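Try each task before reading its solution.

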Amino acid sequence: MKIKTNLILLAMTFIILIVTLAFIMVRTSEYINEKIRESNAVNKITKDVFELNIITYEYLEYHGKRMQKQWLMKYDSLGKLLKAIRKEKMHPEHLPVLESITSDYKILGDSFLKLQANYTERKRLIEKKGSQSKINTSLALEKRLITQSLFKSQKMLSEIFKLSATIEQEISRSQEKVNSIILFSIIGIIILSVCVSFLTIKAITKPINKLIKGTTIIGKGNLEHKIDVRTKNEMGQLADSFNKMTKDLQETTVSIDELRATEQQLRASNQQLRASEQQLRASNQQLRANEQQLKATEQQLQESEARYRNLIEETHEIIQSIAPDGSFIFVNPAWFKIFGYTESELKKMKVFDIIHPDSLGKCQELFHKVMSGETVDSFETTFVAKNGKHIIVEGTAVPRLQVGKVIATQGFFRDVTERKEAEKEKGKIQNQLIQSQKMEAIGTLAAGVAHDFNNLLTTIQGNVYLAMLETDKNSTVAKDIEEIKVAAGRAASLTQQLLLFSKKQPMGFVSLNINRTIENLMKMLKRLIGEDITINTQLDPELWIIDADEVNIEQVITNITVNARDAMPKGGTITLKTENIIIEEKQKDTIPNSRVGRFVRLSIEDTGVGMDKDTISRIFEPFFSTKESGKGTGLGMSVVYGIVEQHKGWINVYSEPGQGSIFKIYLPAATSKKEAKIEEKTQISNMSGDNERILLVEDDEAICKFAIRLLENNNYTVFSAGNKKDAMKIFKKENGNFDLIISDMVLTDGTGIDLIEKMISNNPKLKILLTSGYLDEKSKWSIIKMKGYKFLQKPYEIHELLETIRRLLSESKNSDS
Amino acid sequence: MNRKIMSLMLVLLFGILISSCTQQEEKHPGSVKKITFAVETSFLTAPVWIAENKGYFQEEGLNIKIKEFDSGKAALAAMLGGEDLDMVTVAQTPVMFNSFNRKDYAIIAAMVCSDKDVKLLARKDRGIENSSDLRGKKIGVTKGSTGHFYLGLFLTHSDLKLSNVDIIDIGASALPQALRDGRVDAICAWEPHILNAGKLLGENAVFLPPKGGANIFREDFYFVVNKNFMENNPEALKRFLKAIQKGEEFIQKNKKKSIGIVSRRLKVDKELVASVWDDFDFQLLLDQAMLMTLEDEARWAIENKLTKATEVPNYLDYVYLDALEDVKADAVTIIR
């Protein structure tokens, strides 16, 4: 039998034993359960009998209806229980006991019914006051019946207890039996398991041991040995195979001597082989050294290649290699970055596609030069990027040779676009600087000549006035003098304008409402522009106040209006518009030259011929004029520009040829909300004096003479001095007894201000009139403004001088009175 | 493979859902049932206050409308008097007294038993030191209540009769005040009235134990239903008892919390409630002793001519077993 079969049989034996044991246990358990059920039923009977007893006692005590009902219910319930138990498989031994209990149960029922009937009857007899002997009989019967009931219920209980005890004993016995069966079964299974296991193990291990022993003997060289295993299982088969193998070995074995000779031969061959191996190893080492050297060289090459590659890839220079047909062979990453083309686009392009049309001719020429083997150094050209941006580059182009033949051109370029643009911008700034310097020079020049020029003009205008007084108005001389007067007036105006645009003219800033300025100016403007031109105003009634010099603002409006008039030879409309503007950060970029803040915007629009861009760009340049020669000074718009700038504002011009022009002037709004009070001038009919004493301090002799003459003619007593020192002498000599001091601001030994300050310290009621052709120091103007001195700009009109003197002296008289 | 597992899981999930829905339906068949319920405001009715507080009635699909009464006697009288009440809480004495004339109510369960709830408290200043001093004294009780029966028992154990004392009929909640005002010399009542009276009298209060110190009286507190309601709503009664059962379980497991809930509900000091809490045995039951007690009280009432009836009623006719049997079968020990 095979080992496998042995093991299967062993396993089956165990399974059968375990199943048998389980079967026994289940059967026994069922038996015990049955007994427990019987026991429960008996217990239930016990409980019912007890409860019947309780009710019986209660009934006997109280004879209540409830007890009757409950007794009958319980009795009925007990009857059903007894019936049910008998129907079940009760052990035959217990049936007689059950029969006895059932019999007692019936007697108990009869007794209770009789008790009930007897009680009812007795109750009736008592109620009906029946015979006492019958009542006594009834009582005696009740006692017997009670005894019978108690006896029967007692008997039932004792039988039930007995039955219960029997069943308990049976259960106990059954449990003991089960325990014994389980114990013996387990012991049996263990013994059987040990025996069967022992036999099986022996059946397997015995042949194995024989095999081990046999193989050891054969291993020692005894090929004659036979392994004796006679079983017919796998061990037997193994032993047979072994014996057969031993036999085969025996037949094929050679002698030991032969083996030794062969061994020696093998050893010799082996030594030879070792020598050859050493030679091979030496060669191998040489090869390895060569290989390492090769690897080092290769690594150096790779490193070098990586360095160059990195250089080309990281550089910002444009590197490109171009084939003879103009197609790209190679470009570096900077090329892609600057030109914006992709690799696939590059494959379809030629180098001439990215050259600016203006540079194309020159580039083609250079390309052919390089292709013929020449190197082109330091040339500049313009490429066009994918986005259309012009890329200005400087670079070198060299031929790439292979076997003495040019196979491509290689270009190395630097993007200089930004540098070129910066240079362009620099040029522009330089131009502006030059322009600014030019303006400064003109200003300096104007300031330089203004003093003397104005003095001269004052003299001319004064003497013209005096001459005219003594000349027949209809004479030719009078007309000539009139011409001199006009020319002098124009010269004065020119000087004034030069000072204005060069910003050398002091400003008299006051809180001003431009609307009022425009309204006051309208009459004069209408006269200026003539009848063919309509002038409209759109004035914001809520317009903010600005800090401004009213005279200068009038000058601005007048200059632009006159320009507008000249731009409308066939008539048209001029519109003056004022409005409040708040410029916020986001609007700053939409309005040229602007800044954030609150501004008053004055717009002057005409429907004239308009201007081209070139004219607009030069309109504020001094002496630039589009008018015919002699018709304009070329200073009008420069003056406007200068005034606006001095007011910390700016001016924007919008115009196109044939579309008219708009000048938009932005002036910062003042913090003050009220306009300064405008001095109302009363008309003075009589310009002559009343022998008032005037000290005239004037370093220009001609002016001094003319002034003395003028004043004396107008009934004033005049004292004169040419400098500060002389003036002080006269002042002291006359004990300061003067009504008015007229002094030039610029004296040879000091300023007019210093002089009058000293005089006022002696006589605070003294009236002062200062004159000057030019105030070179703005601070002086501040003092004049601060102290409230009267000031006349030279060249002044005669009536202006007389009127001013008259007003000053009248003020003095009024205050005295 | 995964699909098979998914399908299997879906089928299982569906099955669980169906089964849970079915279980839900079984739990509360029909719509929410409204029960108008008269409850005595005392510690005895603690299971009701707990069930109310914990929402057990709602859990059982019941809408319980509670009407509070001074005593169980008043509650039962109101129900039998035709007031719109489906159920009341009441002790055995009023049940007994009414059983001589009415048969239209039934006990569905006792919720609590106590042999210490009903007590006799007297004024020291009226010369009362022990039970024998009660002779000729004015004793306040709520006639027809357990207090009345207890007084009878108490006097019997003290070799006295009801006729030996002057019984003054006073509503339960007015008894403490009557004792304090001296309108009576002693009172016989249940908690919290005895505790309240003790507080009012202070050191002038004397508690009279039954002679020999024995526990002479087991007070049962019932749920009594209108028979008409009982016949038409057997399912609602089961659900009601389930809710009470939950309340009683809560009481067994959470004594402190229960005392808190009851004291808040009755607006009585927590310490006061705690001091008498162990006097009550909260458990649903219908036992044989209940019938015997009722009959004993009935016989007492007949003997003392407190009723015109001469025959003890059959109290089996006043007990409804089915509801409690369904909810807590082992609590029904009436012989049958």
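The exercises below cover a chain contact and a helix.

This is a predicted model, in which local features need pLDDT of at least 70, side-chain atom pairs count only at pLDDT 80 or more, and totals for chains, interfaces and linings use all residues. Residues are numbered from 1 along each chain as its sequence is written, chains are lettered from A in the order in which they are written, and side-chain values use heavy atoms, without hydrogens and water.

**Exercise 1.** Describe the contact of chain A and chain B.

*Solution.* 
- Step 1: count residues. Chain A and chain B each bring 13 residues to the contact (heavy atoms within 4.5 Å).
- Step 2: take the area. About 1,200 Å² is buried between the two chains, 56% of it on carbon and sulfur atoms; this is the accessible area (1.4 Å probe) lost on being put together, summed over both. A:Y62, A:R66 and A:Q70 supply 43% of what chain A buries against chain B.
- Step 3: look for charge pairs. The rule finds 3 salt bridges across the interface (a side-chain nitrogen of Lys or Arg within 4 Å of a carboxyl oxygen of Asp or Glu). One of them joins A:R66 and B:E295 at 2.4 Å, N to O.

**Exercise 2.** Which residues of helix α17 of chain A are buried?

*Solution.* 
- Step 1: list them. In α17(A), a DSSP run (H or I, at least four residues), the buried residues (under 20% relative accessible area, 1.4 Å probe, protein chains only) are A:K724, A:A727, A:M728, A:I730 and A:F731.
- Step 2: The face away from the buried side carries A:K725, A:K729, A:K732 and A:K733, which are exposed (over 50%).

Terms used. Helices (H or I, at least four residues) and strands (E, at least two) are DSSP runs, numbered from the N terminus.
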